[in-house]
Amino acid sequence: MKKIVIMGASSGMGLAVAEALASRGVTVGLAARHTEPMRALQKRYPGRVHYARIDVTQPQAVGQLYQLIEIMGGMDTYFHVAGIGFENLELDPEREVNILDTNVCGFARMICAAYRYFFSRGIRGHIAAITSVAGTNGIGRLSAYSSSKAFGQKYLVALEQLANAENSGVRFTDIRPGWVNTPLLIPNHRYPMEMDLDYVVPKLIWALAYKPRVSVIDWRWNIVTGLWRMIPNALWTRIKMRISSPDSPLPVPEINQTLPA
């Protein structure tokens, strides 16, 4: 991994991984809608960090990605972190569609653009993407979010099948973290098995370096999601899933902010 593009690198996991890799001498291309954090990182690592304002929900995002890659002098790894999510218990259609625009349409737009870049140039590249443990099954309080993450997981499977059929040599890694403590979580709330960035970032870098097909972060969530998959739908749909609580594991508040992955 010498040249990586990180899509969704203005905060949270994307920005933290970008800083860690830049400090190790990797050429990093940052992309997100909010440019100030990326500009600040570029000032810290001039010549090693490049950035572009890219909105994955817009058709021009593909061309902007290719322009960023050209500025970097190439790409061998594409890391897709961009994603949003929030509770929508009223099932407001516009809010559901907003999540799907980013997590489904934007995901497909950028992942297939990265694949086409590698395939058309004969590069045996690596495509890694943050999905989520939430993609294991539909979660009522996070209906669009959990469903969109399931889409991402299946989309990577589909592209891997295509890559094998085309003998492209492109590898895929599906990274599925649980709750990660970033500014996007509601302050002063507890989340199940919540993890700090300092704990998660080395695991993300390991996944980018060693390219496992699926990486669940961490082992506790690997066990939990394994149990989730064993629950039949007739039982799963009767479970009242808790998302977070203010200083106590009992109450369940609304989530109105975006989620980190």
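This tour visits a helix pair, a salt bridge and a surface patch in a predicted model.

**First stop: two packed helices**

Select residues 93–121, which form helix α4, and residues 143–166, which form helix α5. Two packed helices are described by the angle between their axes and the distance between the axes. Here the angle is about 15 degrees, and the axes of α4 and α5 lie 9 Å apart. Angles under 35 degrees count as roughly parallel, and α4 and α5 are therefore roughly parallel to each other.

**Second stop: a salt bridge**

Side chains of opposite charge can pair when their charged atoms come close. The whole structure holds six salt bridges. To view one of them, select arginine 141 and glutamate 87, whose closest N and O atoms are 3.1 Å apart. Where in the chain do these partners lie? Arginine 141 belongs to the loop between β5 (126–130) and α5, whereas glutamate 87 belongs to the loop between β4 (77–80) and α4.

Next, select Tyr199, Trp219, Ile223, Leu227 and Met230, and display the surface. These residues form a nonpolar patch there, with about 600 Å² of accessible area together. Which helix supplies the largest share of the patch? Helix α7 (residues 219–230) does, with four residues. Tryptophan 219 has its place in this helix, α7.

Terms used
Residues numbered from 1 in each chain as written. Predicted model: local features only at pLDDT ≥ 70, side-chain atom pairs only at ≥ 80, totals over all residues. Heavy atoms only, no water. Axes fitted to C-alpha atoms, helices over the stretch in contact; angles between N-to-C directions. Parallel < 35°, antiparallel > 145°, perpendicular 65-115°, else oblique. Patch = residues over 30% accessible without salt bridge, like charges linked within 9 Å, V, L, I, M, F, W, Y side chains within 5 Å. Areas by Shrake-Rupley, 256 points an atom, 1.4 Å probe, with all protein chains shown as cover. Salt bridge = Lys/Arg side-chain N within 4 Å of Asp/Glu carboxyl O.
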